[in-house]
Amino acid sequence: MSSRDHTELANPFDRSSVSRRWWLLGAIVTIGLLPLVFQDSYWRTNLIVCALNVMLAIGLDFILGYAGQLNLGHSAFYGIGAYVSTLVITKLGLPFWVAFLCGIVLAGAAGMALSMFAVRLRGHYLAIASLGFAVIVHQVLVNWISLTQGPLGIYGIKPPPEIALPGLPVISFGNSANMFYLVAGFALLFYVLLDQLVRSPIGETLTAIREDEVSASSLGINCPAWKVFAFGAGSAVAGAAGAFYASSVGTLVPDAFIITESFTILAMVIVGGMGTLIGPVWGAILLTVLPEVLRGFGDLRLVLYGAALTLVVLFMPGGIVQAAQIVRAQFDRLRARLEAG
Amino acid sequence: MSTVLLQQGINGVVLGSLYVLVALGLTLIYGVLVQINFAHADVVTIGAFAAYFFTFTFGGNYLASIAVALLVGAILGWLVNAAIFAPLRERGSELLPLIATIGVSVLLQNVMLLWFGPIPYAFDSPYSNQVIRLWGGTFITGQNLIIIVVSTLTIALLYAFMKFTFMGKALRAVAQDRETAGLMGINPNHLIMLTFVIASALAGMGGAMLGPILVLTPFAGTTVIVKAFAIVIIGGFGNVEGTIIAGLLVGLIESYTTQFVNPGLIDIVVFTLLLMMLAFRPTGLIAEKREENV
Amino acid sequence: MKTRSAIFCLGMVAILGMFAVANPAHAQDKLIKIGGLFPMSGPGAYFGAQDKQGIELAIEQFNKAGVNGYKLEVKFEDSACSPLPATQAAKRLLEQYKPLVVVGEECSDATLAVMPVMEQAKVPLLNAGSSSIKITDPGNPWTFRIMPNEVMQGVDIATHAYKRLNARTAVLLYENTNAGIGNAKVFGDTFKALGGQILADIGFGRDVNDFTSIATRITGLGKVDVIPTYTLEGQGLRITQALAQAGVTKGGGGQSIQLGTIWLPFGFEQKAGKASLGYVRIVQFDPTDKREVVQDFIRTFKAKYNQDPTHINAHAFDQILLIADVVRRGATDAQSVRDIMAGTKNFSGVTGSVEFDKTNQNIKMDTIHYMETLPDLSWKALGWN
Amino acid sequence: MSDDISGRVAGQADGRRNSDKVLFRSKSLNKSFGGVHAVRDISLNIPHGGVFAIIGPNGAGKSTLLNLMSGLYQPDSGTMSLDGVDLVGLKAHRRVRLGLARTFQKIRLFKHLPVLDNVIAGFHIHHDIPAWQYVLQGTAFRRDYARCRHEARKLLSFVGLEERAKARAGSLAYGEQRMLELARALATSPRLLVVDEPAAGLNAAEVEKLLDRITQLRAGGMTVVIVEHNMDLVMKVADRVLVMDYGQYLFEGAPAEAQVDPGVVAAYLGA
């Protein structure tokens, strides 16, 4: 470890704004091509789930990796987004996009409320408080049957309404490719938004809070307010994911948002590389696709999953990003040696 | 009605004693290491399975199986510390060990699922269906009586150990201030290992006694652990007395919630209490004043 | 640090390498491919493990001789008892394995989520484990259910409780799941309509461990005639014991009778012991049934697995039995499996006979057998249907 | 006793005959922890400009006083004001906006962040661009971004760390970390800079360098408060000293007078 401390810090994904534009273009092209490569509805569903998980992971990373808030209850905001957006449509009869907004706003508000409530708490206290919050949200979804249908579930939730632009063919989201474009488009939008934020002084402020709150406040940083902001932003993104979950899966039951779901999201952030935004994206993709590919292993699947999570923490705590750094360093060294000799 | 209320009190105390056994381990670990161990739940489960196989496959005595589970728990504690916490300690992160133990927990649960299968084991001790009549029409089962007696004894022993032995005092010293342990001439790594072994032994033993009460599947421990976390917080992280009181409190809340509201709402009640506690008294039931040194 | 990362990389390579061998190709002639959607991981694996046993036994038997010149083949996917994993598993099965028919899921949520996927792919789904009424009401032309739904069971048992057991007061005990809530509600509604009284409505989560408090609460409710209980084996066992210990049920010297539908397996009474005395419940698999198909099943099951079959094993077995019957009657592709299955009449399986109505719900009530537990823990057939 | 002290302090302030010259003013500050009365009835007036030293033996309550000033603790009783603005009840981060900055006795850097980023974090209160610029990152944002980095590098070169801008702060040598903390505090552009035991753990050359920078800051018109238990150190730079012992006022005046004050001498010899 110590040998690395003296080296200059370099993030392989930290690029100038010009090359960031190329990366963005690459991401858009990739998103555009993916449903064409994966034609069957099974893989397209996986793509949508990937996009949902990317949203969840970057939202959690913003809270956890940047603001340093140990949030073990991310599934709660996911669930709030899903249920609020669905109930606003079914109970109030409002259009999807209004409901979508409500889902985001309420999930964000819940995140802010939890954060305000727990503003004095740090570290493990917050971890358990957020865990408790997730248990409460899940139990309310289970028990408030008159509103949420509880475990009886809500079925037949419709995909977002068709978009009919003049002069263009009607875009229907019953089509899995279009649904993927929608969800992935939003995932990309949220990614770019959060990325801009973390590259702005807000990112510096949040990392300062993560590193040392007392120091941060000695620099004029209003730590409680920024923590509330980070929590709100991260959970609002989870709320958006929840709204898309409901409209793409079509079925809602409270058990989709149990606390183990929080752990899964957490694993994505860690495996990808906490404290970088791109890491959790890769972590989400890997941990969504991996279990599907591992289906051939049957019962061994979750054993491998658990083992992988433990091993990553033990041997590669920076996750995929750290692995990429090491590979890059090795590559550079090799190239230097070749050029020299 | 008064019989019912009294009976619910007894039920609550039984449940609370069990929670205390599980939560005490978490508190001890937290006190010394300031780390959360999610795999604690699986030590409970494995303890229960160890007791089950000892009594049913090998025909052992149930009371002896409690000791076996204690041993199994102790070994597991040693393993978890050696494999996870010790290597991660240098990094000084709050989060990494926590996540590693979540990984270990998923791993253990699914290995157990492979070995033991998902069908619940019917683990009845010879005392499970023994009903002992008490005053005023109340009763307690033999198993529950064992739980109360063994828990009380264990807690008393632990207390005596912490108060009167050198190692125990050193443990408390480390819990309060890690630097002083070094002054006492004790290798803090040994102390941490000891803590893990004691904590996990408690969990294993808890498992052996929970087995005949729980629905024994590879996921049995997880049903208790989240509540154990709540208890640890309500009692004040790292505070042994607080944990005991909080454990009993949660047990009583459960039985009276069942009586007057609905068992489906237990989690909501317990965790709302937890959040209230954190908001208004974040140091737990028994406050410890700590001055931040800057 | 360097060696550690090398080990890690090696491990990753090994895992990736294993994928390559994990998915062998399936290509054989004259094969009826059956997809199996069952929870194989998590707590729901309780069902999946037993379903797998019954299905594999049936397939092994049919493949000795073949059916109409076809061999049966099954591929299982873990649907995890949850909507999203279930739809993913279903899609994966449909895309990659291309079955003619799919059997499963157990949990109603998962089944309901899978149904539209199956309909879109035009592949029939045969269910034997989900009791929610929504599965066949309004119904879906591609989904069949061979067990009675929650309404059929609930109305039937509530009526019998009122009329034959002269029960006037009841306490509902159920797990807070789709099936638990649904079943309890049907019982409650029917019982109240008949003039009975529900004294308490107690739902609990699957993580509740201590039922003594629930039993204690019931002791304070006065005279309780029946206690319909909807929960799985694990919690069911603890409830029955707790009720007896608190002196509520006959097993503990009380007056109340526990009622149950098909949730509990055969052998439950042996595990619960004396506490289960007087328990009246519906069994869909009656091992004392003298029909040859039942006795053959029990014998071969014991021979293969060295244990007694449960109703879940039996239901799973019946699903394959019915599919084989449909193939025998000439089905060769998904459409013909669906059409021929819909016309099933007088099919006789281990759990009873099958005839589908317009919503593809089995309307035969001979799958419902009422049993009472005697002091020697054996069953007495009540012959109510 | 307490009347006597406050009278004397007030008298001295009056002696300057211009209360506007007082930047920081406190009256009868008290703070206890449990049974320990860490700060007892401290009144002090820190004039504009110059170096003001608070000295005293270990455990004299200097750090607690400093924490009261910076807002980490709130006083049990008493008043405080910075340039006429009441500080009591004001949170630490609000006081920074009034122009109060501090360093820590036990170094509290953002250890895992690069050196430059540590300083940049200090510009938190000086980003004068509208919020939407953070997302869209237009010209104003880029100008602000460049300005912060430019100024941060200037501050790093002021403390002699420009070469280490990209290193992890935790990897710096101890003395360098102290200097970095100073640079970070300076990034907030304080009017009143409070440095807590800046020389602790530094070698002679580093102390020399530190004192030189403080002298430069004073020359630039900044008011600097040094909290220090080493009396010899502050003699060179301080214009005025307050000596505390057991949480109480012991002496206030010129450094040279303090050295010969019998009470001060006794306290130091006794300690």
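**Note on chains A, B and D of a predicted model**

1. Chain B has a radius of gyration of 19 Å (taken over C-alpha atoms), which agrees with the value near 19 Å for a compact globule of 294 residues, the globule rule being 2.2 Å times the number of residues to the power 0.38. Along the principal axes, the C-alpha atoms of chain B fill a box of roughly 60 × 45 × 35 Å.

2. This is a predicted model, in which local features need pLDDT of at least 70 and side-chain atom pairs count only at pLDDT 80 or more, while totals for chains, interfaces and linings use all residues. Residues are numbered from 1 along each chain as its sequence is written, and chains are lettered from A and ligands numbered from 1 in the order in which they are written.

3. Chain B holds 11 helices and two strands, in the order α-α-α-α-β-β-α-α-α-α-α-α-α from the N terminus. Helices (H or I, at least four residues) and strands (E, at least two) are DSSP runs, numbered from the N terminus. Of the 294 residues in chain B, 60% are buried (20 or more other C-beta atoms within 10 Å of a residue's own, with C-beta atoms placed from the backbone).

4. Between chains A and B, 34 residues of chain A are in contact with 35 residues of chain B (C-beta atoms, placed from the backbone, within 7 Å). Helix 6 (123-143), helix 12 (259-272) and helix 14 (300-315) of chain A each give two or more residues to the chain A side. Helix 6 of chain A gives the most, with 14 residues.

5. Chain D is assigned domain 1 (2-99 + 190-270) and domain 2 (110-188); the bounds come from an automatic or database domain assignment. The domain centres, taken over C-alpha atoms, are separated by 28 Å. In contact are 12 residues of domain 1 of chain D and 10 residues of domain 2 of chain D. On the domain 1 side, helix 8 of chain D supplies the largest share, three residues.

6. Chain D has an open sheet of four strands in the order 2-1-4-5, with antiparallel pairing (strands pair if DSSP finds at least two bridges between them). Its edge strands are strand 2 (36-47) and strand 5 (85-86) of chain D. Strand 4 (residues 77-82) of chain D is joined to strand 5 of chain D by two bridges, and D:Ser81 stands opposite D:Asp86 in strand 5.

Conventions. Contact = placed C-beta atoms within 7 Å. Buried ≥ 20, exposed ≤ 12 C-beta atoms within 10 Å, placed from the backbone.
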